Amino acid sequence: MKTPGYALKLVSVLLMLSLYCSSAIANASSQLALTPSEQRWLDQHPAIRLAIDINWAPFEFIDDAGQYQGMASEYIALVEKRLGIQFQVDTTRSWSEMVDAVKTRQLDLFSCVVKTPQRQEFAQFTQPYITFPMVIVTRDDEHFIDGLKDLRGKTVAVVNSYATHDLLAENAPNLELFLGDNVRHGLEAVSNGQAFAFVGNLAAIGQVIKETGLSNLKVSGQTPWRFELGMAVRSDWPELTGILQKALDSISSEERDQIYNNWFRLEFDQQTDYRLLGLVVACSLVLVLVFLFWNKRLQEQVQRRRRVEGKLKDSRNFQATILNSANYSIISTDIEGRIRSFNGGAERMLGHQEKDVLGRPIVDLIHSREDVRKHAKRLTEELGYPIQPDLQTLTAKARRQLPDEEEWLYLRKDGGPFPVQLSNTCVVNHDGQITGFLFVGIDISQRKGAEKRLQLAHKVIENTSEGIVVTDPNGTIVDVNPAHLRTMGYSRDEVIGNNPKLWKSGRHDQTFYQNMWRQLLKEGIWEGEIWDRRKDGEVFPKWLSINAIKDDQGTVLNYVALSTDITQQKATEQELENLAFYDPLTQLPNRTLFKDRLEHELLIAKRFNRPLGLMFLDLDRFKDVNDTLGHDIGDLLLEKVARRLEGCLRASDTVCRLGGDEFTVILTEISSPDALAHVAENMIAAINEAFVLNNQQVFISTSIGIALFPEDGLDFGTLTRHADIAMYKCKDAGRDNYSFYTADMNLQNQARISMESDLRRALEQDQLELHYQPIVDMSSGKVVTVEALVRWRHPLKGLIMPQQFIPLAEETGLIIPLGEWVLKTACRDTAQLNIDGWPELKVSVNLSGRQFQSSELVDSVVKNLTETGLSVKNLQLEITESMIMHDVDEAIEIMKQLNSRGLKISIDDFGTGYSSLSHLKNFPIHSLKIDRAFIRDITDDKDDEAIVDTIISMAKAMDLHVTAEGVETSEQLDYLLKRHCDLIQGYYFSKPLALPQLKSYLSQESQSVSA
């Protein structure tokens, strides 16, 4: 076929050059060696669905016979032959529908696409195996196009969802894009004037021009990009990406050349085109003359350029000096947010050196993640579309040429945050493409501090109880605060512009005021008691302080008067004394007076060698009263407790309230420890009696710790510490009792503190490990789930079981990071097990009470699933009955949130938490685990049998799965099989296993099942 026009011949020549280059860079290997893991992956995925462009000749298309054709199709055929597989080619969707199908994993890979940032969000790419220039096509009557900058303000046609669409939308926002359905549609839009230019692949353009005869088009310029086409696989199948790359690498140069020749062999007329030949000769002569002329010119320009470069270097050095001496940070990044330059101001401000941060992402390095999320949420509302909490948050406004100067939090190298005023500008090249970003940050810590101080000063003045009056040097009032107006009874309008004589009482003679002003003028301050008159005529005393405000030259600018009504001063002094030493609620001595009295009693006891008893009391379940009945009832209860404690003591004894629900008792002149025990028993009995509060009976108890002088301590600190330890020991032993201090208690307390320190260190030094106990499906006899159980391998004490450290972790709050570690590790290990040959295996992870009630639980689970690649269907969360019965409504809401993400929930230790059926039916749960306490004696204890039978029957009726844990004997197993229990867990099958042992166990099980 004869190609129409010289423009198309030029396209053909460019195609040949492009094909030659792509063939030259091909790196082929004749051998294809898959690893056992890769071969196993292929065997496990027999159906691989292929997305193609059905209308993109010559790369790929569907011909009239419905066959998949084109250059990419021949590569696909070679890959299929190398791998021994056959792809399922989808020929029913348009290109944009193909893209959406891979995003949603309805299809698995693209045959040939360009890698763009948008596609990298959902796909992984092989190395390019086809490469062509990306060019600009216009009509013949248009001039040469020198890059994208000449297209500003023009309508540019691209194919919808093609790489050109993504690249221009991202990097050239000043272009108006015409979205075509295919290349032909886009070229026709240029040919008929709907669009000024078309940007696309040179090969596809040549093919369409050849087929359609659009002879009024020409290639007028090129872009900085090339079509580098590779295969792209859905992001959750990284194994397939490596396999495809091996297949592509095995294609030889000869095979690649044959494919190129099949689709891009150029045909020319057999007759000599003398006109074209003459034109070529003439052009060659002109080029020679031009070369000679420009050679001379270039020599001259080289000299000028050297001089210019020297000046430019000096200028750059000067600019660099200025930038590095600036007191603000100037940071430039590339288009992906990686740091390209970091000035001296940034080094001083942030503590990093430029050489250490080049190439690192700016978001992860100096931006608070929480701050980025906050800004992303605000920008989403402001701009009206989702903004991701990453580089997009920093650049969203700048990309759209919106003013972008806002307050952010920067993080220093040591992690300390500080506020900056940050402006962001896009860096644009000569083609108008965004190539990076420039961030200029000014440390506004001092300004923010000054603003806070000014705000604080203003709030202090506005809210202080002291009256403040400001006058000019002549005594005219210019400002007054609300406290003064309230005290005097005047309005602001009545006071401003007047003189303080307005409230003169008449009680002071002229000499008083003369002496006041004499001292004020001489020393700049006067302070004393004065009587003034309110608007209603009442005369009252107040304490007045007047200060002269002067400038640097000593000239008085203003007078500021501070006054306080001291009518009730004496009464207030008495009240303050009571507040300093007595609890205002119970009127008992407070912590301060307790310390003073105990130290005084210790001095007497030492002098006369007398014994002394100290009790620490803590009310049991007082928090429940506060939470359920309110703090008013709680306060009333504390008052009544104080009176009952006083009724149990002698006049010489002292009962004090330290704070909250903690009390202390000092007992002097005691005859024996038995006497102290008798007093403690009386107090416990008194507290155990019902309290009637607002016509409602309330029952509480108390735990008492007792320490003796001199046996348990000779000073205030030692004696109080030991009494406190004894009290906590009593609480640990079950409460509602008393306990004398012993040396063992101190050792136990120290051991507890030591274990807490070791546990913190264990989390930091990776001393924890997970063991997994198999759970067997009785219908198939296969292991379907493993429960993750944490162990602590102490460097000195060896393996520590969870019952020894989990309660301490719950008490200290370490359960949150520990639980997060367990969840992440279990997800990671199970994801690997799924890859290694057990794709259906699930893991069950226990949640602590604090984890379950955390507002970040759902985000944490989703994050760990995403980061480890574990499917949501392979994770099950276990919670206990007691955990959800604390607040049923809140528990249901949390479980609904987890369910909405596809997570299955199991109730662990079922039967021990006293949950009612009315609640159970509302729980969005998947399964129940019967507590091992009921399984242990199931063959001997009729009560346990009844409980287990009831739980299984109830679960079946509610369509819930049932797991029996703690199964250790064949008798227990037989019993449960007869009751159709779904799942069995226990030592009968296996103890908890470390990961390597679990793999061996699963392998043996697989071989057993196969046999």
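Biologist: At what angle do helix α29 and helix α31 pack, and how far apart are their axes?

Modeller: In this predicted model, α29 (residues 815-835) and α31 (residues 857-868) pack at about 35°, and their axes are 9 Å apart. The axes are lines fitted to C-alpha atoms, for helices over the stretch in contact, and the angle is taken between N-to-C directions on a scale from 0 to 180 degrees. Helices here are DSSP runs of H or I with at least four residues, strands are runs of E with at least two, and both are numbered from the N terminus.

Biologist: What limits apply to a predicted model, and how are residues numbered?

Modeller: Local features need pLDDT of at least 70 and side-chain atom pairs count only at pLDDT 80 or more, while totals for chains, interfaces and linings use all residues. Residues are numbered from 1 along each chain as its sequence is written, and side-chain values use heavy atoms, with hydrogens and water left out.

Biologist: What is the handedness of the crossing of α29 and α31?

Modeller: α29 crosses α31 in a right-handed way. The term is right-handed if the near helix is turned clockwise from the far one by less than a right angle, and left-handed if anticlockwise.

Biologist: Which residues of α29 and α31 meet?

Modeller: On α29 they are E820, L823, K824, C827, R828 and A831; on α31 they are S860, V861, N864, L865, E867 and T868. Contact requires heavy atoms within 4.5 Å. By class, five of these residues are nonpolar, three polar and four charged. Ala, Val, Leu, Ile, Met, Phe, Trp, Tyr, Cys and Pro count as nonpolar, Asp, Glu, Lys and Arg as charged, and the others, Gly among them, as polar.

Biologist: How do α24 and α25 pack?

Modeller: Helix α24 (residues 631-647) and helix α25 (residues 673-688) make an angle of about 145°, with axes 9 Å apart. Their crossing is right-handed. V641, R644 and L645 of α24 meet M683, A686 and I687 of α25. That contact has five nonpolar residues, one charged and no polar.

Biologist: Why is Q767 called buried?

Modeller: The relative accessible area of Q767 is 11%. Buried means under 20%, exposed over 50%, and partly exposed in between, with a 1.4 Å probe and protein chains only. Q767 is therefore buried. Q767 sits in the loop between α27 (743-764) and β30 (768-777). Beyond four places in sequence, Q767 touches R761, A762, R791, W792, R793, H794 and P795.

Biologist: What makes the pair Q767 and Q765 a polar contact?

Modeller: Their side chains come to 3.2 Å. A polar contact is a pair of N or O atoms within 3.5 Å; within protein, one must be able to donate a hydrogen and the other to accept it, and residues adjacent in sequence count only if both atoms are side-chain atoms. The pair is therefore listed as a polar contact.

Biologist: Is S161 buried or exposed?

Modeller: S161 has 16% relative accessibility, so S161 counts as buried. S161 lies in the loop between β9 (155-159) and α6 (163-171). Leaving out residues up to four places away, S161 touches W95, S96, V99 and R119.

Biologist: Where is a cis peptide bond found, and what is omega?

Modeller: One joins A57 and P58, with omega about 10°. Another joins F709 and P710, with omega about 5°. P58 lies in the loop between β2 (55-56) and β3 (60-62), and P710 in the loop between β28 (701-709) and α26 (716-732).
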